[in-house]
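Have the structure open as you read.

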Amino acid sequence: MDSPSEKKSPSPEAGKNPGPKSLSPEAKSSPGKKSPSPTTGSPPAGTTTIEGILPASHWTDQPIHPDDDADSSLGDDGDVASSTASLTSSIMAYRTVHGRTFHSDRITDAQYWTPNDDQATEANDIIHHMLTLVQDGKLYKAPLNENISRALDVGTGSGIWALDFADEFPNCQVLGTDISPNQPTWVPPNLKFEMDDATLVPWTFPPNHFDYIHVRYLFGSIPDWNSFIAQAFNCTKPGGWVESYEASCVFRSDDGTLLEGSPMDQWGKVFVEAGKKFGRPFDVVGEGLVQAAFREAEFEEVTEWEFKCPIGGWAKDPKLKEIGEFALAGILQDIEGWILFVWSQVMGWSKEEVGVYVAHLRRQLRDPNVHAYCLMRCVYGRKPQPAA
Ligand SMILES: C[S@@+](CC[C@H](N)C(=O)[O-])C[C@H]1O[C@@H](n2cnc3c(N)ncnc32)[C@H](O)[C@@H]1O
């Protein structure tokens, strides 16, 4: 389906794809005029706020389709807090936003924008399955030696990738790190999970320690990718590999079916703006931050691979159709969770405004006439052997 040695990103349509610490809300929405239907036209001039972002009122002014639920799954603050009140470990003292739990900032200052509850974990695991389909069952692209002895999965999430990797390399000690303790306890003997904030430098692992370091979907988490990848470089053995997979937060279409001003168009714009406010870029793919960091760190054989991941089952190619269906299922599994923190805590929208926007967004995501995709990029490179 792909060749690791070249950069490519064909259109799924062609059927040939080979490939809080609470923030002060700085961007309270301002009232805007009523605009055309979200999927049928561009907004009229004068209704945008910053960089093409429509105000929350753009969505609340529009009727919701009777089949849609604007109330979503958002709850009240505090309903989960009470369930954790008896736990003494501060690591479990999660922050709650509208009833969803997020990483506890009592451990480190790390801020993370998706919840760490079961709903978020299930979405994460569906997306893992989707990427496994893309890669024909493979978990990595770097040309790994079967005798590797130490691997690290940074920001391991539910640990699903690390579990599969530990099964594939039973003689390799695999370590998955995260700032939230939502990994399983029953794991293969060669797999361990630890709490660790990857943005704290220097990393505490010894230099030249791991044969392979895997990083996936850390967009919106890393303030400085150069510094982050430099740490990974330092902790990798000479001759070892570091590999990153990131997905763009911007939905695109190649045939004009994704209209400017529509909910899916706004999704990307809000994420990009929020990344600036939040100090952790979301459009890591669009800005090319990872490959730039690999080059700055002086990895060799830096290889990039791109994939246009269809959103929904609109692609003609049966495999891409299945991939798109899983991508959509993963997004719909926890769409509120993905936008809640960013839209409310960073952009200042109310719970009701977020709920209405999500209803419009969900409807467009399910529209088979919108041929949207998201660009994914893998970058991997080898740490050079010291000069003789
Ligand atoms: C979108 S999930 C991806 C999980 C996993 N890498 C995967 O692909 O299935 C991102 C994960 O990164 C973790 N994370 C965010 N900031 C982090 C940090 N500073 N250090 C370590 N992990 C972090 C989050 O807690 C979350 O579990």
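Predicted model: local features only at pLDDT ≥ 70, side-chain atom pairs only at ≥ 80, totals over all residues.

Let's begin with the strands. Seven of them form an open sheet with mixed pairing, in the order β5-β4-β3-β6-β7-β9-β8. At the edges sit β5 (191–195) and β8 (300–310), each of which pairs on one side only. On average, neighbouring strands of this sheet are turned by 15° against each other, direction ignored.

If you zoom in on β5, you will find β4 (residues 173–178) running parallel to β5 and joined to it by five bridges. Here D178 stands opposite M195 of β5.

## Helices across the sheet

Helix α4 (residues 160–168) lies across β3 (150–154), β4, β5 and β6 (210–216), and runs at about 175° to β4.

Helix α7 lies across β7 (236–252), β8 and β9 (373–382), and its direction is at about 10° to β9.

## Where α5 meets α7

How do the axes of α5 and α7 cross? Helix α5 (residues 225–235) and helix α7 (residues 289–296) have axes that come within 8 Å and cross at roughly 50°. The two helices are therefore oblique to each other, and α5 passes α7 in a right-handed crossing.

On the α5 side, the contact is made by W225, N226 and I229, which meet L289, V290, A293, F294 and E296 in α7. The residues of this contact divide into six nonpolar, one polar and one charged.

Technical notes. Residues numbered from 1 in each chain as written. Axes fitted to C-alpha atoms, helices over the stretch in contact; angles between N-to-C directions. Helix = DSSP H or I, 4+ residues; strand = E, 2+ residues; numbered from the N terminus. Parallel < 35°, antiparallel > 145°, perpendicular 65-115°, else oblique. Left-handed = near helix turned anticlockwise from the far one by under 90°. Contact = placed C-beta atoms within 7 Å. Nonpolar A, V, L, I, M, F, W, Y, C, P; charged D, E, K, R; others polar. Pairing = 2+ DSSP bridges.
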